Amino acid sequence: MALPNKVEYLIIGAGVHGLSTAYHLGKYLKEKGQGEGNNILVLDKTGIAAGASGVACGNVRCNYYQEPMTNLMIHCMDIWESDPDYFAYNSVGYLTASFAPMAEGLAAVYERHQSLGYPSTFIEGENKVKKYMQSIFHDWQAEKLEVVLHEHRGGHAWSKQAIHGLGIKAEGVDARLMTGVKVTGFDIAGDGSVTVVHTDIGRVEVGAVVVAVGPWIKQLWDMLELPREVPDPRHPDQMTDLWHYLALQEGEIEINPYIHITNDGQRPPLVHVDSDVPLFSEDGRLVWDQPWGIYFKRDKHSVQGGAVPLDVGLECELDPYGTRSPHYCVDDQFYDLWVASLAHCMKRYEGTRQYASKKPSGGVGAFSADNFPVFDFVRPNVYAIADSNHGFKMIGVGEQVARILTGEGSELLAPFAYSRFANRETLPRSNAPFPWM
Ligand SMILES: Cc1cc2nc3c(=O)[nH]c(=O)nc-3n(C[C@H](O)[C@H](O)[C@H](O)COP(=O)(O)OP(=O)(O)OC[C@H]3O[C@@H](n4cnc5c(N)ncnc54)[C@H](O)[C@@H]3O)c2cc1C
């Protein structure tokens, strides 16, 4: 397919956000009688699901301490549930068992769930928590967990499959997808808007641009000549870099996935645990004595999950390998911690360290200065979907962006405006060991 001379909407990136935007935009334009069939073009330098969306664990949850995140996630959950087949969505629920520092925050999240009619169960007190966990997993043995928040919606999606499903739906509403085409620059007019997008195979005149490039955001930010620094959310009189990188720590133990099963033979919810109990290896070596957080689920051929990410810094070598560059894949230290924590929680995982996968796993994410997304126009006709690595679960963001592009507003995305840094309206932090809770 040749690059068109001109397109009304050019979307950069064929991950969850680019394709969700393309699908919903195509749908809404058709509903308005404006779906001409050549309005929307999605470009990706590699392929569909080639970025973070294709390697994500696929967790979908709504236990966010920040109210705007809860509201947005309930909207995303509605979209996941609207087409579980094409979105490869498994609505198994999401269970968080946590230590004392998280108790107050999770209680507040539960209260919000109740007020919004989102179904969840809250359990408080060490003995009650253990009893609740053992009612699901008979061999649950973790100590010193004070609270459980069990969401009865949420779960996970098979990540690559879900993005291909979105791609099919986008093409079904006449969005065009071109892969192997890299955006290399922009012509910027006097009023700040982008008139032409340059690629490695030619140029396209554009009406509006959506930038949905996941961890490549800093490269596109520079091409758009946007400021690299923002007021520091933690030190009001200082500036700080807008984007930094963390390496997401995820892996799998290659055992019979049906080991991960509930007492009544069902597929369990995705389990997330935060704790500060020291962890020991199978031969009695201390492997971790800091607060830790992990999550795990039954995968197609294994038990899969992750732990707290590692700091990479302000620069990150993404190409030629992409988000799963060998520099940022997990190593033995991750598996020592993660498998020890699984065995700490459930007796069935004792002795499973030997089954740690040798395949490359994990990947790098770009995080903003307050670790929350930037969803906003960054030039008069350029909308950035920069999710600060929160975002596989955020399938509904593209739907809201499609509404904005077709002339409606979005209350759900307003709290994620870029101007929040300048206005000192960044989102509050929780006590979780993870940057995204
Ligand atoms: C290991 C890992 C696990 C994760 N687990 C979860 C999870 O369980 N749940 C969750 O909610 N989130 C998770 N995330 C975060 C989530 O994957 C990302 O936030 C989300 O997928 C980002 O989607 P995106 O569409 O913005 O970007 P991506 O999926 O990264 O897509 C961006 C696309 O842009 C293309 N591109 C980049 N530059 C250019 C250019 N110049 N020209 C053309 N195309 C370009 C890339 O090829 C890529 O295909 C995880 C992330 C990682 C790395």
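Predicted model: local features only at pLDDT ≥ 70, side-chain atom pairs only at ≥ 80, totals over all residues.

The pairing between strand 4 and strand 8 is antiparallel and consists of two bridges, and Y89 is found opposite A157 in strand 8.

## Overall architecture

The protein chain contains nine helices and 23 strands. Its radius of gyration is 22 Å, close to the 22 Å that the globule rule gives for 437 residues, so the chain is as compact as a globular protein of that length. Along the principal axes, the C-alpha atoms fill a box of roughly 65 × 50 × 45 Å.

Of the 437 residues, 49% count as buried. When contacts between residues at least 6 apart in sequence are considered, 76% of them join residues at least 24 apart.

The chain is divided into domain 1, which covers 1-90 + 155-234 + 370-437, and domain 2, which covers 94-152 + 244-367. The C-alpha centres of domain 1 and domain 2 are 28 Å apart, and the contact takes 31 residues from domain 1 and 35 residues from domain 2.

On the side of domain 1 that touches domain 2, the elements giving two or more residues are helix 2 (52-55), helix 3 (67-82), strand 8 (155-157) and helix 7 (217-223). Helix 3 provides the largest share of that side, three residues. By residue class, this side of domain 1 divides into 15 nonpolar, 13 polar and three charged residues.

Is strand 16 (residues 270-275) buried or exposed? Six of its six residues are buried, so strand 16 is largely enclosed by the rest of the structure. In a regular strand the side chains alternate between the two faces of the sheet. Here L270, H272 and D274 point one way from strand 16, while V271, V273 and S275 point the other way, and all are buried.

Strand 16 runs parallel to strand 5 (residues 94-98), to which four bridges join it, and L95 stands opposite V271 in strand 16. With strand 19 (residues 292-298), by contrast, strand 16 pairs in the antiparallel sense over five bridges, and the bridge partner of V273 in strand 19 is I294.

Methods
Residues numbered from 1 in each chain as written. Domains from an automatic or database assignment. Contact = placed C-beta atoms within 7 Å. Nonpolar A, V, L, I, M, F, W, Y, C, P; charged D, E, K, R; others polar. Pairing = 2+ DSSP bridges. Rg over C-alpha atoms; globule rule 2.2 N^0.38 Å. Buried ≥ 20, exposed ≤ 12 C-beta atoms within 10 Å, placed from the backbone.
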